[in-house]
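Here is a briefing on one protein chain. Please keep the sequence and the model in view while reading.

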Amino acid sequence: PASETDAIVAEATIPQSPAAATPITLDTNSFIQGSGITHTPGQAIAELNTPGMYIVNYFGTVTGAADATYPLTVRAVLYQDGRALTNSADEGTLSEAGVSVVIGGDALVLVNQGTSQIYLRNENANTTWTDAQLSIVRLT
């Protein structure tokens with residue numbers, strides 16, 4: 001029989017205004033399958049506990065602060081074990097306060113052995129994330 005696929009969808013449902021270069025806190029897990037990926041609600045980090053190849057996807061809605069300087073470029077990137085997965089970066093430009101943009105990206109992640117930590121990092125000050133989602137599926 002085929003082995004069960006590990007997957008998780010962790011979400012930020014509470015608006016947050018993180019400092020620049022700060023991970024996004026994910027307050028709920030809306031889907032969990034298997035035990036190879038773990039995430040504690042209220043934390044930013046998801047742990048990949050089984051060696052293999054994973055696809056990691058994120059998106060979030062970002063709004064600029066009223067006192068920010070516009071135009072404001074907002075950016076996010078996935079991190080694995082403290083290192084940026086640069087091809088996962090996405091950015092958008094806000095023209096004025098009150099305007100939102102959805103940014104998102106993905107990355108293939110290899111875990112050779114042990115546990116690997118994944119998180120989504122906000123790169124800019126003066127932003128509010130009104131929602132965000134981090135989805136991870138083990139492919140092999």
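A surface patch here is built from residues with over 30% relative accessible area and no salt bridge, and nonpolar side chains are joined within 5 Å. In this predicted model, Leu 108, Val 137 and Leu 139 form a nonpolar patch of about 260 Å².

**Surface patch**
- Leu 108 sits in strand E10, which covers residues 100-111.
- Leu 108 has a relative accessible area of 56%, over the 50% cut-off, so it counts as exposed.

**Nonpolar core**
- The largest nonpolar core holds 30 residues.
- Leu 48, Leu 78, Val 109, Trp 129, Leu 134 and Ile 136 have the most contacts inside this core.
- At least two core residues come from each of E1 (7-12), E5, E6 (52-64), E7 (72-80), E10, E11 (116-122) and E12 (127-138).
- Strand E10 contributes the most, with 5 residues.
- Beyond four places in sequence, Ile 136 touches Asp 6, Ala 7, Ile 8, Ile 37, Ala 46, Leu 48, Tyr 54, Ile 55, Val 56 and Ile 118.

**Loop residue Ile 45**
- Ile 45 lies in the loop between strand E4 (37-39) and strand E5 (46-48).
- Ile 45 has a relative accessible area of 32%; this falls between the 20% and 50% cut-offs, so the residue is partly exposed.
- Leaving out residues up to four places away in sequence, Ile 45 touches Thr 38, His 39, Gln 117, Ile 118 and Tyr 119.
- Ile 45 and Ile 118 are 73 residues apart along the chain, with 5.6 Å between their C-alpha atoms.
- Ile 118 is also among the residues that Ile 136 touches.

**Whole chain**
- The chain has 12 strands and 0 helices.
- The C-alpha trace spans about 55 × 25 × 20 Å along its principal axes.
- A compact globule of 140 residues would have a radius of gyration near 14 Å; the chain has 15 Å, so the two agree.
- Buried residues account for 42% of the 140 residues.
- Of the contacts with a separation of 6 or more, 70% link residues 24 or more positions apart.
- The chain exposes about 6,800 Å², and carbon and sulfur atoms supply 50% of that area.

Notes: Residues numbered from 1 in each chain as written. Predicted model: local features only at pLDDT ≥ 70, side-chain atom pairs only at ≥ 80, totals over all residues. Heavy atoms only, no water. Patch = residues over 30% accessible without salt bridge, like charges linked within 9 Å, V, L, I, M, F, W, Y side chains within 5 Å. Areas by Shrake-Rupley, 256 points an atom, 1.4 Å probe, with all protein chains shown as cover. Salt bridge = Lys/Arg side-chain N within 4 Å of Asp/Glu carboxyl O. Helix = DSSP H or I, 4+ residues; strand = E, 2+ residues; numbered from the N terminus. Buried < 20%, exposed > 50% of the residue type's maximum accessible area, 1.4 Å probe, protein only. Contact = heavy atoms within 4.5 Å. Core = buried A, V, L, I, M, F, W, Y, C linked by side-chain atoms within 4.5 Å. Rg over C-alpha atoms; globule rule 2.2 N^0.38 Å.
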